[in-house]
Every structure is written in C-alpha cells, then in structure tokens.
Amino acid sequence: MKYILVIGDGMADDPLPELGGKTPLEVCDKPYFDSLTRRGLLGLVQTIPEGFPPGSDTAIMSIFGCDPAKYFSGRAPLELAASGGTMPEGGACYRCNMVALGGDEHLPFAEKVMLSHSAGSIEGEESDELVEWLFNNAEFAPLARAAGMSVRPGSSFRHLAVQEDADLSGIVLAPPHDHLNEVIGPILPRGNENAKTLLALMEKANELLEHHPINEKRRAEGLLPANGVWFWAEGKGAKLPNFTERYGAAGGVVSAVPLCHGIAVLVGLEPVSVPTATGEWDTDYEAKTAAALDILKKHDFAAVHLEGPDEATHNHDLEHKIYSVECLSERVVKPLCEALRERGEDFRLLILSDHRTFMRNGAHGATPVPFMIYDSRELKPGSGLAYSEANGEKGPFLASGTGLMPLLFEA
C-alpha cells in the first residue's frame, strides 16, 4: 500500500461576490479531483489550533501529526533546518522577506505601505544578490554585526536571518502577507528592546535598497522594487517526532518551500527539491509529480506541496488561484493515480488545503478546511460530492489536523 499527501496551499477560501457567491474551489474545472472525492471520504478539519495565528507553519505541522501546542517554536527555525543551518545557543532565527514598500522615499518609514510581501515575486538570483549586497554594505554591515545578525540567502524572496543572543520575550512581529496595501506603522516590530534593533535594521535597509541598480532596473521594467527587508516568523529551535516510527512508512516531501522541507527533515523524511519548481502558480507540475512517483518506487509515503494557490491569492490573482487548483487536479493528482494503477499499486490519497487564504484581503484564515481521502480499493461508499468547502461541512469533522495521518494510515 502506498500513501500520498497532496497539499494545495491556501486553495480553500470563502464565497466571493465576483464568483456569484461561490468559492474558487466551486467554480474551477477539476474533474479528476472531484471524481476521487465522490468515491472517497470528504470532511472538514481544523488545521489551525485555537490560539495560534493562521499560517502554513502550524497547519502543515498538524497535518504531519505534530501538535503545534507541543512542538511549535516559530516558522523560521523550521526553514533553518531545511537549509542545513544550526541555531546558536541562545540565538533566534527569523524569516527575512524581500518586500516592496510604497510611498515617497522621503516619507517617514512608518508611513510607507506594504505593496508586496515577495517584492513582486522577485526571482531568486536577484533577491540573493540584493540581500548579500545589503549585509555587506559599509553602512548596514556594522549595524548587523552589532545586532549579532547574519543572513542565509534563500534563492527566492524567502531569506533567513540568524541572530545571536536574541531576546524574543514579548516581541511582536507581523507576517507581511497578512497586511498587503496597509500602512506599515501599526505592524512594525514592537514589544521589547530587540524589536527596536530589528526596526532600525529594516529602516536602514529601505534607505539603502531604494535606489540599488537592480531596483532601478525593476522599476524601468514595470516591476515592483525589492526595497525592504521584513523580519518575522521568529523562533528559538525545533524538534519534532519521527514520522516513520509513528506511522510505519518512510518517504519524502516534494516542495519548493523551505518550510515544508524543514518539517520533512525534522520528522525524518527526505526533502526533495525540483530545480524547475518555482513556488508559484507557474511551477513545473509534471516534474513535481515525477519526483513523487520516484519516491514511491523506493518508499511507501510521498507528499507533494503546491504553493501556487496561496501565492496567487496573496497577489490578488483570482485567475491563477483557480488555475493552480485545476493543475493540481489534472497535472498532479491524475497522473499520480494513473501511474500507480499502471504499477498495480494500491494506494490511499489525502488531499487538502492547509488553511484558507482569502481573496478578499490576501490574508490567511483559521476556519476549518475540507479534506478528502481516497482509497483505490474503494471498499466503502463514497461521499458522492465534489471537493468544496460547503460539501466538506456535510462529512465528518476533525477537531485537529493531527487526526489526519492516523486516518490516512488507518491507524
């Protein structure tokens, strides 16, 4: 028996007026996905534990069977594990996004606007060059050294910053993707003295990056500049229970997102990268599917994470949110299942959105999401329903995402 997990990041949503009161899941063309859901189990699951901010970090941890209330210490340490980095004793790790900030350059920093949490989905090569230049800049480098801060470029807009002897007590750092097109003053770092240090670094970064040649070139091409860095997702360390010991299956996780690879490393699964995967709606769906099938030749478990629906929603791009879900159905799930049938393999497949991401504001939501489990043996009657938020409400409800893996593995 093979076991497969497919996560369509942020594909669940709320009804939208522009879709006639329907959700993107309800209007998209996903015939293969829906055919499996009709013959499988369909329900609703609470992936975000009460009291936690909605995000992929806590949601995906819970999906992999790790209770965030016990194990979560911040998103950035999970991503640090994926990069092979180590946390200094007493130190902390932060996500260091390249962002696009709007407003006249002479405006006070706090009056600028968060235009993009990803600097307009900047390419990794440009992003790496900018952040390395910044941390080596003659004005910025002394401030970073004084703060005990170093950077690990992430080959996308997602970099990591590691700080020695970091005080996180009482600190409040906001996820930039939840505050698009908002003035940044109310969401700047606050809560302790270290927050003032991070804020000073962010302010200086904006001043220095504003007219970097790469940003002048991006503006000339009609692109958003990467004229700021944003520290968030702070944490001190991470240790998670072993997946194979708990569920009796080894395997790997295919993703373009460091968070997923970090969780894979920490639970003892293989993190698998695909060179042509982008973490956007235009990722290489076929190559990710092929990578999952390669894992399943050697092991019994494979996970495929698709970031496209989430990033499209953050960018207020409804067309490509819908497109990403359609690709999940016809370019990932369909070839995966058909290849396993050709191999003569029985399989159980779990598909879900890790959390909702709302087109109305580009932010994550903590409300429950639909999940489906399909068993190729078709031993029980199916739901008879297409995959959607409303149809998920008609099935069983799981109060915690940690119940998904036992359900998948029939534990």
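## Whole chain

Contacts between residues 24 or more positions apart make up 74% of the chain's contacts with a separation of 6 or more. Keep in mind that this is a predicted model.

Show the chain as a cartoon. It holds 16 helices and 15 strands. The radius of gyration is 21 Å, close to the 22 Å that the globule rule gives for 411 residues, so the chain is as compact as a globular protein of that length. Colour by burial next: buried residues make up 58% of the 411 residues.

## The nonpolar cores

Select Leu-5, Phe-64, Phe-301, Leu-352 and Met-405. In the largest nonpolar core, which has 77 residues, these five touch the most other members.

Then select Val-99, Leu-134, Val-151 and Ala-161. They are among the 44 residues of a second, separate core. As background, nonpolar side chains tend to be buried together in soluble globular proteins.

## The largest pocket

Which residues lie nearest the centre of the largest pocket? Select Gly-154, Ser-155, Ser-156, Ala-256 and Thr-278 to see them. The space inside is about 780 Å³.

Colour four elements next: α5 (75-83), α6 (124-136), β6 (158-163) and α11 (258-267). Each supplies at least two residues of this lining. By class, the lining of the largest pocket divides into 13 nonpolar, 13 polar and 8 charged residues.

## The second largest pocket

Move to the second largest pocket, with about 370 Å³ of space. Select Pro-53, Asp-57, Phe-72, Trp-232 and Ala-233. Of the 19 lining residues, these are the closest to the centre.

Show α3 (56-63) and β7 (228-235). Each supplies at least two lining residues of the second largest pocket. The largest share, 3 residues, comes from β7. The lining of this second largest pocket has 8 nonpolar, 7 polar and 4 charged residues.

## The cavity

How many cavities of 30 Å³ or more does a search of the whole structure find? The search finds 1. The largest cavity has a volume of about 90 Å³.

Select Arg-75, His-177, Glu-307, Asp-310 and Glu-311. They lie nearest the centre of the largest cavity, which is lined by 14 residues. Two elements give two or more residues to this lining: β3 (92-102) and α13 (308-314). The largest share, 3 residues, comes from α13. By class, the lining of the largest cavity has 2 nonpolar, 6 polar and 6 charged residues.

Stay with Asp-310, which sits in helix α13. Is Asp-310 buried or exposed? Asp-310 counts as buried, because its relative accessibility is 2%, against a cut-off of under 20%. Show its contacts beyond four places in sequence: Asp-9, Gly-10, His-355, Thr-357 and His-364. For a distance check, pick Gly-43. The C-alpha atoms of Asp-310 and Gly-43 are separated by 21 Å, and the two residues are 267 residues apart along the chain.

## A strand residue

Select Val-272, in strand β9 (residues 270-272). Val-272 is buried, with a relative accessible area of 14%. Leave out residues up to four places away in sequence, and Val-272 touches Val-253, Val-254, Ser-255, His-261, Ala-291 and Ile-295. Draw a distance to Ile-295.

Most residues other than glycine have a negative phi. Two exceptions are worth a stop.

Select Asp-165. Its phi is positive, about 45°, although it is not a glycine. Asp-165 lies in the loop between β6 and α8 (193-209). At 67% relative accessibility, this residue counts as exposed.

Finish at Glu-378. This residue is not a glycine either, yet its phi is positive, about 45°. Glu-378 lies in the loop between β14 (369-375) and α15 (389-392). Its relative accessibility is 37%, so Glu-378 counts as partly exposed.

Terms used
Residues numbered from 1 in each chain as written. Predicted model: local features only at pLDDT ≥ 70, side-chain atom pairs only at ≥ 80, totals over all residues. Heavy atoms only, no water. Core = buried A, V, L, I, M, F, W, Y, C linked by side-chain atoms within 4.5 Å. Buried < 20%, exposed > 50% of the residue type's maximum accessible area, 1.4 Å probe, protein only. 1 Å grid on protein atoms, 1.4 Å probe; cavity = no way out; pocket = protein on both sides within 12 Å on 5 of 7 lines; lining within 4 Å. Points joined across faces, edges and corners; volume = space filled by probe spheres on them. Nonpolar A, V, L, I, M, F, W, Y, C, P; charged D, E, K, R; others polar. Rg over C-alpha atoms; globule rule 2.2 N^0.38 Å. Contact = heavy atoms within 4.5 Å.
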